[in-house]
Amino acid sequence: ATEPAVSACDDFYRFACGGWEANTSLPADKSVFVRSFSTISDANDVQLRKILEEAAANAGDDPERKQLGDYYAACMDQSGIDAAGARPLAASLAAVAAATDLPSVLLQAADLGLIGIDPFFTGGVAADNNDPDTNILHLYQGGLSLPERTYYLDQSAEGQGLLHDFETHIAKMLLLAGLPSEQAAQDARRVLTFEARLAEISWPIEKVYDAEATNNKIDLVGLAKLAPHVDWKAYFQRAGAPERTQINVATPSYFEELDKVLTATPVEDLRAVLRWQVVHAAAPQLSHEIDDENFKFFGTRLSGAQKQRDRWKRCVAATDAALPTAIGKAYVDAAFPGESKQIALELIAGVEDAFAAGLPALAWMDEPTRAKALEKLHVIVNKVGYPDKWRDYSGLQVDRESYFANRRASAAFDVQFALAKWEKPVDRTEWVMSPPTVNAYYNGSANEIAFPAGILQPPFFDRSYPMPMNFGSIGMVMGHEITHGFDDDGRKFDKTGRLTEWWAPSVSAQFEERAACVEKQYSAFEVQSGLFVNGELTLGENIADLGGLKEAFVAWRAWDERQETKTKSFAGFTPDQLFFVAYAQGWCTLARPEAEKARVLSDPHSPGRFRVNGAVMNYPAFAEAFKCAPGSPMAPVDRCEVW
């Protein structure tokens with residue numbers, strides 16, 4: 001339902017979403033509700049629940065179904081989880097208590113890293129930006145429990161109040177985990193002080209998204225020079241990878257400063273940090289008192305949600321995260337049948353053709369760079385629906401006895417899978433999202449796009465929809481992901497996925513000038529009083545939105561031209577108008593103020609209303625479709641255009 005009281009030319013987001021917002025309540029268990037994504041996610045949850053409950057009731061002789069059923073059943077066993085209390089943490093807390101100096105603390109940190117808990121820094125195994133066919137270890141700053149470093153540096157009364165509540169929460173969690181009240185309070189102060197110090201030495205988030213700034217390949221010797229008080233050889237030996245040396249340190253100055261922080265921090269403080277990390281990471285797998293206290297701070301205080309999601313919803317998400325192959329196969333059979341994949345591939349091909357058709361009109365590109373851009377476009381790999389080769393999870397042992405143990409086993413299994421890829425060839429068939437995921441991604445080092453079956457559902461995509469709706473919703477998402485290959489960061493990777501300069505210097509300068517226009521424009525969008533979109537952080541996503549909308553519209557027009565019977569008006573909208581309404585309604589959003597603030601500080605995407613208005617106000621075809629007068633808010637005289 002649109003909002004007729006608002007002119008499309010004054011505020012298109014309110015025109016397209018006002019009616020929906022007026023008739024939609026934000027569910028108590030959500031801090032953000034996006035019309036398209038959340039609607040599909042909720043429907044997928046129902047479908048996955050049916051799959052998992054059937055597997056739990058009767059797995060037959062299928063080992064994958066048994067894994068699913070056992071994992072889900074253990075997660076749903078609230079009484080068994082409550083009976084165990086905090087006892088599952090005992091071994092980890094005892095190991096932390098036994099660490100008496102910095103070397104032994106670091107070895108404990110390495111052990112925690114093997115079960116996915118990273119107290120001081122984080123890392124992952126992925127393609128080498130300089131050699132995209134080989135995997136290396138990438139190390140990043142980490143150690144912060146709050147969403148972004150800004151929370152720790154905020155000196156306002158509101159910011160200091162949040163930090164006070166965070167400290168109180170840490171103390172409560174440690175108390176529930178069995179620590180005496182006095183020690184819990186002391187440890188909470190130690191943890192907050194330490195994390196605030198890490199925040200001070202952390203890079204600003206927009207810099208962490210800079211592919212060039214974070215490309216700093218060194219070997220083990222170089223890493224030891226950066227942080228000499230960490231015995232890296234012993235650290236990686238503990239991790240089961242003693243002979244590997246190829247490393248990219250994404251945030252080198254952080255590791256230099258971390259070395260100083262670790263040596264200057266009393267061992268008792270470091271033990272407190274490890275204790276907190278152990279308890280915090282395990283909270284969702286422990287008794288309802290611990291789980292509820294975790295939600296009270298991170299769900300309500302930090303994000304604004306009023307109640308926990310139902311247990312079954314959390315267990316569906318947990319099982320999907322732990323066993324994406326087994327759940328993915330079952331989901332695809334139920335929700336992505338027959339010709340769905342082929343239809344989606346045809347849509348993508350049309351959007352790619354639209355991108356190619358637009359290249360000759362870009363006066364700021366020279367011919368050699370244009371030719372290379374076309375080459376890169378034509379070799380983008382499109383992954384649709386589900387993997388061609390499924391990952392093998394048969395080595396993951398789970399049972400119905402302990403959700404905590406299952407989660408630990410799953411985390412350890414994933415860490416070992418990652419470490420086994422270190423210094424091995426990149427597997428181009430691998431996916432980083434499970435099939436039911438309602439999302440999509442572009443991977444610059446592989447020059448590939450993935451559209452899981454989860455997003456290829458109504459209201460993003462439906463064969464029965466008028467085609468301008470499909471192009472405006474899922475077609476735009478496809479154009480968005482294609483444009484990521486040519487945004488401020490993606491453009492730095494060539495057609496093979498190598499991070500290298502393949503643009504003529506003068507063309508790069510012209511691109512930067514256009515990107516600066518987008519950055520400045522979005523930085524002026526006010527989300528809350530005094531809180532503005534971070535134009536630098538969101539630049540890549542905003543460029544992708546501007547490009548994706550244009551490509552999808554051109555693709556829609558080209559499709560319509562090929563039809564013998566032209567598309568008719570629908571629901572009072574011309575076909576072109578329907579395209580833009582479908583686009584906008586995909587991003588109708590309800591959000592609690594706390595969650596909205598967290599997203600502005602840490603999310604590279606702009607809030608929904610600015611994704612909509614920012615994209616359409618920069619595209620002349622929108623103004624033509626709605627007959628907007630030049631100079632009206634959605635048809636400004638000065639527009640930004642990149643692609």
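Cys 17 and Cys 588 are joined by a disulfide, with 2.0 Å from S to S; the term stands for a pair of cysteine sulfur atoms within 2.5 Å. The torsion about their S-S bond is about -80 degrees, so this disulfide is left-handed. The pair connects distant parts of the chain, 571 residues apart: Cys 17 sits in helix H1, and Cys 588 in the loop between helix H24 (575–585) and strand S11 (589–591). Helices (H or I, at least four residues) and strands (E, at least two) are DSSP runs, numbered from the N terminus. Cys 17 and Cys 588 are both buried, where buried means under 20% relative accessible area, exposed over 50%, and partly exposed in between (1.4 Å probe, protein chains only).

A word on what you are viewing: this is a predicted model, in which local features need pLDDT of at least 70, side-chain atom pairs count only at pLDDT 80 or more, and totals for chains, interfaces and linings use all residues. Residues are numbered from 1 along each chain as its sequence is written, and side-chain values use heavy atoms, leaving out hydrogens and water.

Let's move on to Cys 9, which forms a disulfide with Cys 628 at an S to S distance of 2.1 Å. Cys 9 lies in the segment before helix H1 (12–22) and Cys 628 in the segment after helix H27 (620–626), so their link ties together parts 619 residues apart in sequence. Both Cys 9 and Cys 628 are buried.

Another disulfide pairs Cys 517 with Cys 640. Here Cys 517 is partly exposed, at 29% relative accessible area, whereas Cys 640 is buried, at 4%. The count comes to four disulfides.
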